[in-house]
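Please look through the model below with its sequence at hand.

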Amino acid sequence: MPDYLWKAAKYIESVGNWQGTASELLAAAGIENAKPNQFTYNMAKYFDKVFEPKNIRYKTHRKNKVRLLNFYGDDGDGGDDDIDITQLSGWGIPERPSPSSPSSLGALEGSKHGRSVATGQPAEKPTGTAPNPCEAAGA
């Protein structure tokens, strides 16, 4: 396994997300003893041993006849790293759920299932069984 892979992984880990060509990555990481095609071949071959343990993932795509490598971190949290929750306050998202609207409560008032769906409270009395969707559809 070539040492330059470890050097590239360390560089990507230090800068976070990175995108560019293999030549650009080699230059940015200060790797002089590898050709771009050697690097990409060995990177793919040893990716699971060098990059994955550091939670580095990558994608490739072609743009203007150039193959771009896109490296990004994966900390196993569902890929929501690009969301800054401190900025959500300006989006009008309330801290507590809002109460049910009068029209929602009114629509459920005559329902045989009571108001428990809207209020979260247990129904006052058992109201029977839920309708069978197959019977309602005529199946």
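What follows takes these topics in turn.

This is a predicted model, in which local features need pLDDT of at least 70 and side-chain atom pairs count only at pLDDT 80 or more, while totals for chains, interfaces and linings use all residues. Residues are numbered from 1 along each chain as its sequence is written, and side-chain values use heavy atoms, with hydrogens and water left out. The predictor's confidence in each residue is given as pLDDT, from 0 to 100. The chain averages 76, and 53% of its residues score at least 70. Confidence is highest in helix H2, with a mean of 93, and lowest in helix H5 (residues 116-119), with a mean of 54. Helices (H or I, at least four residues) and strands (E, at least two) are DSSP runs, numbered from the N terminus.

Helix H3 covers residues 36-50, which makes 15 residues. Its end C-alpha atoms are only 17 Å apart, whereas a straight helix at 1.5 Å a residue would reach 21 Å; that expected span is 1.5 Å times one less than the number of residues. H3 has a kink of about 50 degrees centred on Ala 44. The bend at a residue is the angle between axes fitted to the seven residues ending there and the seven starting there.

Which residues of H3 are buried? They are Phe 39, Asn 42, Met 43, Tyr 46, Phe 47 and Val 50. Buried means under 20% relative accessible area, exposed over 50%, and partly exposed in between (1.4 Å probe, protein chains only). The cover over these H3 residues includes helix H1 (3-15), H2, strand E2 (56-63) and strand E3 (66-73).

Thr 21 sits in the loop between strand E1 (18-20) and helix H2 (22-28). Thr 21 counts as buried because its relative accessibility is 15%. Apart from neighbours within four places in sequence, Thr 21 is in contact (heavy atoms within 4.5 Å) with Val 66, Arg 67 and Leu 68.

Side chains of opposite charge can pair when their charged atoms come close. The whole structure holds 2 salt bridges, each a side-chain nitrogen of Lys or Arg within 4 Å of a carboxyl oxygen of Asp or Glu. Glu 13 pairs with Lys 54, the closest N and O atoms being 3.4 Å apart. This pair links distant parts of the chain, 41 residues apart: Glu 13 is in helix H1 and Lys 54 in the loop between H3 and E2. Glu 13 is partly exposed at 44%, and Lys 54 is partly exposed at 28%. Lys 49 and Asp 48 also form a salt bridge, at 3.7 Å from N to O. Lys 49 is partly exposed at 47%, as is Asp 48 at 41%.
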